[in-house]
Amino acid sequence: MDRNQIAKWFKEPSKMANKYSLHAIYFCTGCGIIEVPPVITARWDAERFGVIPVATPRQANLFLITGYVSVKTLKAIIRTYEQMYEPKYAVAFGSCPINGGMYWDSYNTIKHLDKYIPIDGWIAGCMPRPEAIFVAVTHLWTLIDKGMANGYERYKKYYRAYRRNQELALGKLEWPPLYPIGEHTEGGECD
Amino acid sequence: MVGRILQFVLYPLVALAIGVFFLGLARKITARIQWRYGPPLVQPVIDMIRFFYQKSVSHGPVFAVGLIMSLAGSIVVVLFLPFGSICPLSGSGGLLVVLYVMLLAPMGIALSGGQGANPNISIGISRKLILALGYEVPFLLVLLTVMTHYNTISIVQVVEAQRDIGWSIASLPLFLSGVSYLLILPAMLGFRPFDVSTAPQEISSGPLVEYGGKYLLMATIEHALLLFIDIALFVNLFLGGAGNPITFFVKMLIVFVLVLFIHAAFPRLRIEQAIRYLWKWPTALALAGLIIVTIGRS
Amino acid sequence: MNPQLILLIAFGGAFLTYIFGKISSKLRDGAAVAISLALVAIFACLYGRRLQESFYWGFLGLNLSFRLDAVSWFFAIAIVSLGALSIIFSLRYMRDRERTDFYYSMMLMVNAAMLGIVLSSDLISFYIFWEMMSWCTFLLISYNQHRALDAGMKYIIMSIIGSVAMLAGILSLYVSFDTLLIPQIASSLATASPGYVLFVLVIFGIAFGIKNAIMPLHTWLPDSYAEAPSPFTAVLSGMLTRMGVYGFLLITYVVGGMIGGTGLGSNVLKFNYVLAWLGALTIVVPTFIAMLQNDAKQLLAWHGIGQGGYMVLGIGFGVATANSLALAGGIFHTLNYAICIVLLFMSVAAVQYRTGGVRDLNSLGGLVARMPVAFVGALLGISGLIGLPLTNGFVSKWMMYKALILEGHPFLAFAALIGTWGTILSVYKFLHNMYLGQLPEKYKHLEKSPFSMQLPIAVLSSAVVLFGILPGIPLRVINKICTWLGFSSLDVTIWGFTSETGTLNTMNLLAAIVVVSAVVWVLFHRAAKSVVVAQDDNYAAGAYVPKDKYHYTAGFYEPLFTMLRPYLRDVVDEFYTALAGSVRKSCGAVRRIYTGDVGSYVTYIILFLASLILVQLRWRPW
């Protein structure tokens with residue numbers, strides 16, 4: 001921890017603490033999850049950067065989506081994302097959540113995850129190496145510093161559109177909307 | 001008078017600092033034993049700052065009140081424990097009161113979790129209470145042995161008695177009790193192999209599953225104080241307390257590192273295996289100690 | 001105000017209530033409440049007075065007499081206050097039931113009979129009131145018909161056994177000493193042989209042990225508590241069962257009171273040690289059996305037995321070692337337990353009233369949102385039963401533990417302490433399954449409990465906290481009881497005790513907890529805000545759990561049960577049931593002889609005569 005960081009700690013404790021205490025809830029959706037065990041165990045040890053896996057979205061502030069997203073999983077992802085509390089960051093891992101990847105023409109897989117929940121960072125590749133997760137984390141730090149990791153704000157702002165996309169993919173949702181869907185909310189497709 | 005008030009204010013803070021330090025140390029040492037580098041020692045503090053600023057969900061008033069009660073109970077217990085020569089509330093009830101105020105912490109968590117209406121919470125609390133019943137049997141036997149041996153219910157007097165005749169753990173009947181206490185210490189602290197109630201992989205960390213933000217902050221503080229309380233009680237009862245806080249801290253550190261070695265190396269037991277273990281060896285040792293002390297007295 | 005007049009008011013009130021009930025139900029309710037409150041007022045005014053009165057009425061040539069002293073006042077004020085609160089509670093609970101006139105007059109009658117017991121100063125009137133109480137209780141337990149009839153039958157059979165034992169004891173005392181006045185018996189027994197004293201102790205011990213449900217004699221209690229109407233269960237558990245404790249105090253006085261606890265014979269000591277160990281057994285086993293129960297009232301009933309063990313332990317141990325701390329603890333626990341258990345039964349009754357009689361713990365839940373007052377009552381009630389600091393149960397348990405440890409009986413102390421943990425597990429299940437956890441959809445729109453139910457709950461809740469913070473209030477009276485029994489006086493202050501070996505100061509404790517809670521609350525308040533969410537919005541691995549699909553708390557302590565269930569059978573009850581079965585069978589066999597046919601009776605007579613003739617011819621005995 002260098003000296004100018006200490007000044008930052010006093011200036012913006014919440015932002016700094018958020019940076020250095022990323023508790024990740026990771027979703028064992030697809031093949032990407034195989035890269036997570038090396039990351040958190042002895043070989044790469046993510047805990048030195050304060051990144052540790054936790055068991056529930058209530059305690060987490062980082063949502064790691066590892067691999068392709070089937071329609072059925074999407075439901076669980078949305079539910080989990082909505083149960084996390086602000087500030088929260090979502091990072092998609094692998095090329096499948098970006099554009100469908102090798103499942104781009106599958107009838108049962110979501111191609112653009114960003115349509116359904118806001119993603120703050122992407123890790124491209126099939127598979128990305130575990131080091132890529134650290135690159136992503138350092139990038140996320142920069143984004144948090146600059147205030148650009150604001151997916152949760154986007155979600156709130158365009159909630160109506162997100163909700164509509166979710167309903168288009170999943171049909172009727174069982175749970176009530178997270179935010180009130182008023183008339184004044186900005187409509188339209190979001191990407 | 002000012003000194004006394006200062007004691008009241010500073011002592012819980014010191015206890016909290018030690019507890020949080022232990023939390024960090026636990027993560028660091030576990031990491032080193034597992035051949036990892038590990039997080040910085042201040043990582044728990046960073047986490048707690050984040051918890052403070054993060055939003056959270058509440059499931060109703062009892063959800064908060066239970067936690068407040070739990071944390072308040074823990075802090076009050078700290079005030080009853082001698083820390084070196086500092087003991088703000090020594091004259092208000094002794095070990096029996098400590099024993100009962102210690103109930104507030106698990107009861108508060110149980111109440112608060114109860115309103116969460118989450119299946120994992122129900123399972124976690126049920127396991128927590130069963131485990132507590134498991135380790136309370138040897139724990140109560142150990143405390144009764146100490147109280148009967150020194151014929152007092154005041155911790156301060158137990159510490160004073162040891163100043164003259166040496167550490168309790170070095171004398172024969174209390175040696176058995178001391179070993180028994182060490183054997184149940186991981187269970188009391190919720191460390192492996194006894195972390196059934198907060199098992200993250202099985203039941204999504206049990207009673208903590210709905211806690212986020214400030215709720216998690218309070219649960220973390222409560223856990224830090226629990227580390228302090230259980231180990232300080234052991235040091236006071238068996239390792240002769242200490243004349244000054246520094247020695248006391250060193251003694252606590254040694255006991256804690258001992259427990260950590262077990263924590264880092266063992267897998268988790270199932271709840272009934274844990275109960276079976278707790279009601280077998282620690283109970284047998286504690287019972288033997290109590291019988292010897294009772295016979296020696298009469 | 002002399003004792004006869006009080007009893008006249010009490011009994012007269014019971015009859016008047018019945019008559020008023022025939023006129024109008026409002027009048028009856030008013031009369032019942034007025035009479036019970038009047039009795040509370042009367043006894044409140046009589047604080048600290050001593051009365052001794054011979055009854056103008058001889059009975060079989062014996063003087064009947066009444067008295068009022070510290071111990072009778074202590075029990076009487078508890079009886080009338082809890083009775084009054086139960087009557088107020090009944091107003092709504094019983095409103096739409098049938099035979100309410102009978103119910104109210106019986107409630108008042110039970111209260112009056114209990115008053116008679118604690119006020120009587122000779123054994124004959126004691127016995128008469130005792131029987132009156134037992135029979136009224138039987139009628140009230142069986143009030144709900146069906147299963148309640150069985151429970152009532154079980155109760156009355158056990159009760160009759162106790163009464164017969166007591167009657168035998170009374171007759172024997174009368175034959176030996178030619179008097180039944182309690183003070184005279186006490187002075188005569190001081191010179192009696194040790195064997196006779198032991199006989200008296202055991203025979204009265206059986207009588208009071210059955211009433212107080214000590215371990216091998218407890219089997220009547222769970223069913224009776226569960227099946228009686230809930231407001232009456234409150235009275236039954238709170239004071240009526242504890243007449244056994246009063247009885248134990250009385251025999252303590254009779255055998256040891258006049259000789260100051262120092263010259264007690266070894267038999268008395270042995271008896272009291274046995275009593276203390278029985279008390280310890282009574283603490284441990286029932287509290288663990290309570291964990292297995294899924295019926296709210298059954299669960300509390302088993303605690304009724306278990307907590308009775310604490311009282312017996314305290315009193316028995318206190319007498320055995322001449323330790324007034326343990327004795328006072330036992331007596332104080334009687335009061336504390338009465339307050340807590342009445343509170344708990346009322347809280348169950350409030351839930352029953354709103355949910356239509358549901359008391360199955362596996363089908364309730366989440367009611368804290370709908371019935372906050374009942375929840376607070378239940379919370380304080382269980383805290384008192386556990387003995388959390390700042391509740392009344394804490395002080396009495398602290399006294400007993402301290403005495404047990406310092407007198408060098410750690411195993412008795414261990415039984416009492418581990419009983420506390422059994423209590424925690426089972427009462428947490430009680431609270432959690434009723435008030436916390438999921439709120440079922442069908443109870444989403446329950447109304448709050450009515451005011452006449454909230455009032456008694458609020459009064460008792462504040463009593464739990466008040467006696468926990470200022471234990472000196474009741475302990476002053478208890479101290480007088482101890483000195484009446486010939487024990488040394490305690491160092492009681494308003495907020496606890498002072499002594500060399502360990503002091504108790506509830507004020508410091510209160511201050512510490514309040515200040516610390518305030519600090520924690522401020523911290524809590526300063527942190528980021530939290531959002532209140534619906535109960536079904538919780539994390540279940542990303543899945544949405546449909547409402548009412550699962551009940552998470554059924555089988556709450558399953559892992560422990562599978563371990564303990566083989567050991568936690570109520571062996572005694574099974575034995576009694578088997579005994580009753582074999583008696584019924586043998587009676588059935590006897591009944592077969594009485595065929596009702598004249599021909600067979602003639603055959604019996606002829607056979608009998610023939611056998612007589614045969615005997616005469618063969619052996620010629622006459």
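**Entry 1: chain C against chain A**

A polar contact, as I use the term here, is a pair of N or O atoms within 3.5 Å, where one must be able to donate a hydrogen and the other to accept it within protein. I'm working on a predicted model, so I count side-chain atom pairs only at pLDDT 80 or more. With that rule I looked across the interface of chain C and chain A and got zero residue pairs in polar contact, both residues being held to pLDDT 80 or more.

**Entry 2: chain C against chain B**

Here I found 72 residues of chain C in contact with 74 residues of chain B. The buried area is about 6300 Å², and carbon and sulfur atoms give 78% of it. I counted zero salt bridges between chain C and chain B. Polar contacts do turn up: the rule finds eight residue pairs across this interface, both residues at pLDDT 80 or more.

Then I asked myself which element of chain C gives the most to the side that touches chain B. My answer is helix 17 of chain C, with 14 residues. Other elements of chain C supply at least two residues each, among them helix 15 (372–386), helix 16 (392–406) and helix 20 (506–526). By class I have 48 nonpolar, 17 polar and seven charged residues on the side of chain C that touches chain B.

I also spotted strand pairing between these chains. Strand 1 (residues 56–58) of chain B is joined to strand 6 of chain C by three bridges, and the two run parallel. In this pairing, S58(B) stands opposite V532(C).

**Entry 3: the sheet in chain A**

In chain A I traced an open sheet of five strands, in the order 2-1-3-5-7, with parallel pairing. Strand 2 (52–53) and strand 7 (121–123) stand at the edges with a single partner strand each, so one side of each has no neighbour in the sheet. Further in, I followed strand 1 (residues 23–27) and strand 3 (residues 62–66) of chain A, which pair in the parallel sense over four bridges. A24(A) stands opposite L62(A) there.

**Entry 4: salt bridges**

A search of the whole structure gave me 24 salt bridges over all chains. I picked one to look at: R27(B) with D47(B), whose closest N and O atoms are 2.9 Å apart. R27(B) is in helix 1 of chain B and D47(B) in helix 2 of chain B, so the pair ties together parts 20 residues apart in sequence.

**Entry 5: confidence**

Chain A averages a pLDDT of 82, and 93% of its residues score at least 70. I marked residues 184–191 of chain A, where the pLDDT is below 50; this stretch still has twelve contacts in the model beyond near neighbours in sequence. Where pLDDT is low, the predicted coordinates should not be read in detail.

For chain B the mean pLDDT is 85, and 99% of the residues reach 70 or more. Confidence in chain B is lowest in helix 7 (residues 155–165), at a mean of 81, and highest in helix 10 (residues 214–238), at 89.

Methods. Residues are numbered from 1 along each chain as its sequence is written. Chains are lettered from A and ligands numbered from 1 in the order in which they are written. Side-chain values use heavy atoms; hydrogens and water are left out. Contact means heavy atoms within 4.5 Å. Buried area is the accessible area (1.4 Å probe) that two parts lose on being put together, summed over both. A salt bridge is a side-chain nitrogen of Lys or Arg within 4 Å of a carboxyl oxygen of Asp or Glu. A polar contact is a pair of N or O atoms within 3.5 Å; within protein, one must be able to donate a hydrogen and the other to accept it, and residues adjacent in sequence count only if both atoms are side-chain atoms. Ala, Val, Leu, Ile, Met, Phe, Trp, Tyr, Cys and Pro count as nonpolar, Asp, Glu, Lys and Arg as charged, and the others, Gly among them, as polar. Two strands pair if DSSP finds at least two bridges between them. pLDDT is the predictor's confidence in each residue, from 0 to 100.
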